[in-house]
Amino acid sequence: MEFSSKLLENAVNEVAMLPGIGKRTAMRLVLHLLKQPSEQTQLLTEALTKMRNEIIYCQNCHNISDNTICEICNNTTRDHSIVCVVEDVRDVMAIENTRMYKGIYHVLGGKISPIEGISPSQLNIISLVEKVKQQKVSEIIFALSSTMEGDTTNFYIFKQIKEFNINVSTIARGISVGDELEYADEVTLGRSLLHRIPFESSIKSM
Ligand SMILES: [Zn+2]
């Protein structure tokens with residue numbers, strides 16, 4: 001792509017760094033912004049900068065939050081002894097949309113993936129095991145996507161918590177193998193939470 005302006009080229013290159021956005025789309029977005037009043041670009045950059053600088057992760061569940069403890073963890077009407085383990089904030093939003101879950105969450109921040117170089121130490125696993133050790137939890141529900149990385153992560157955590165004698169379950173595989181949670185429709189996702197199965201019987205069938 002030949003650019004008539006270095007400023008334009010820089011802007012396009014930055015936008016094209018975002019996942020799923022090629023140079024052509026980046027060009028279209030940048031040209032769109034150029035046609036809008038400059039305040040529009042200012043609002044966009046301010047929102048992004050503020051989000052990046054000020055966002056906080058909940059100290060209890062690692063969910064993205066505006067406060068040190070998120071609204072879900074702060075809600076005393078929820079059952080704090082049931083912890084649903086998810087990959088990231090998108091999964092929390094997907095499960096919340098089902099309105100069928102009244103426990104709290106634990107956001108891992110990813111899945112164990114040797115291929116992508118993600119090791120257990122890079123995820124929020126120690127704090128989860130700690131919660132179980134401190135007997136704050138009666139049930140752990142694994143709600144990771146049913147991919148190889150999801151299964152590996154479930155099993156890794158299960159090995160560390162099984163001695164503590166709590167219920168460990170996994171969402172029913174109404175969600176087909178390889179599916180990402182956030183793409184499941186609300187009814188399917190809600191049902192797979194309700195019909196969760198003991199984790200140990202899920203690994204026997206693997
Ligand atoms: Zn929280």
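The following questions and answers go through a predicted model of one chain, from its overall layout to single residues.

Student: How are residues numbered, and which pLDDT do side-chain atom pairs need to count?
Tutor: Numbering starts from 1 along each chain as its sequence is written. This is a predicted model, in which local features need pLDDT of at least 70, totals for chains, interfaces and linings use all residues, and side-chain atom pairs count only at pLDDT 80 or more.

Student: How many helices and strands are in the chain?
Tutor: Helices (H or I, at least four residues) and strands (E, at least two) are DSSP runs, numbered from the N terminus. By that count the chain has 9 helices and 7 strands.

Student: What percentage of the residues is buried?
Tutor: A residue is buried if 20 or more other C-beta atoms lie within 10 Å of its own, exposed if 12 or fewer, and partly exposed in between, with C-beta atoms placed from the backbone. The chain has 206 residues, and the buried ones make up 27%.

Student: Where do the two domains lie, and what distance separates their centres?
Tutor: Domain bounds come from an automatic or database domain assignment. Domain 1 covers 6-54 and domain 2 covers 76-204. The C-alpha atoms of the chain fill a box of roughly 65 × 35 × 35 Å along the principal axes. Taken over C-alpha atoms, the centres of domain 1 and domain 2 are separated by 35 Å.

Student: What does UniProt place at residues 58-73?
Tutor: Over residues 58-73 the chain is 19% helix and 12% strand, with the end C-alpha atoms 8 Å apart. UniProt positions are given in the numbering used here, feature names are shortened, and annotations may be inferred rather than shown by experiment. The unreviewed UniProt entry gives the feature there as "zinc finger region: C4-type".

Student: Is Leu8 buried, exposed or partly exposed?
Tutor: Leu8 lies in helix H1, residues 6-15. Two residues are in contact if their C-beta atoms, placed from the backbone, lie within 7 Å. Leaving aside neighbours within four places in sequence, Leu8 is in contact with Phe3 and Val30. Because Leu8 has 15 C-beta neighbours inside 10 Å, the residue counts as partly exposed.

Student: What is the order of the strands in the open sheet, and which strands stand at the edges?
Tutor: Two strands pair if DSSP finds at least two bridges between them. The open sheet has 5 strands in the order S4-S3-S5-S6-S7, with mixed pairing. Each edge strand has a single partner strand, so one side of each is left without a neighbour in the sheet; these are S4 (103-107) and S7 (197-198).

Student: In S4, which residue stands opposite Val83?
Tutor: S3 and S4 pair in the parallel sense over 5 bridges. Together with helix H5 (residues 89-98), they make a right-handed β-α-β unit. Right-handed here means that, with the strands pointing away from the viewer, the path from the first strand over the helix to the second runs clockwise. In S4, the residue opposite Val83 is Ile104.

Student: At what angle does helix H7 run to S6?
Tutor: S5 and S6 run parallel and are joined by 4 bridges. The chain crosses from S5 through H7 to S6 in a right-handed β-α-β crossover. Axes are lines fitted to C-alpha atoms, for helices over the stretch in contact, and angles run from 0 to 180 degrees between N-to-C directions. H7 (residues 148-161) lies across S3, S5 and S6, and its angle to S6 is about 170°.

Student: Which residue in S7 is the bridge partner of Thr170?
Tutor: S6 and S7 pair in the antiparallel sense over 2 bridges. In S6, Thr170 is also the bridge partner of Phe142. In S7, the bridge partner of Thr170 is Ile197.

Student: What is the phi of Arg99?
Tutor: Arg99 lies in the loop between H5 and S4, and counts as exposed because it has 9 C-beta neighbours inside 10 Å. Most residues other than glycine have a negative phi. In Arg99 phi is positive, near 55°.
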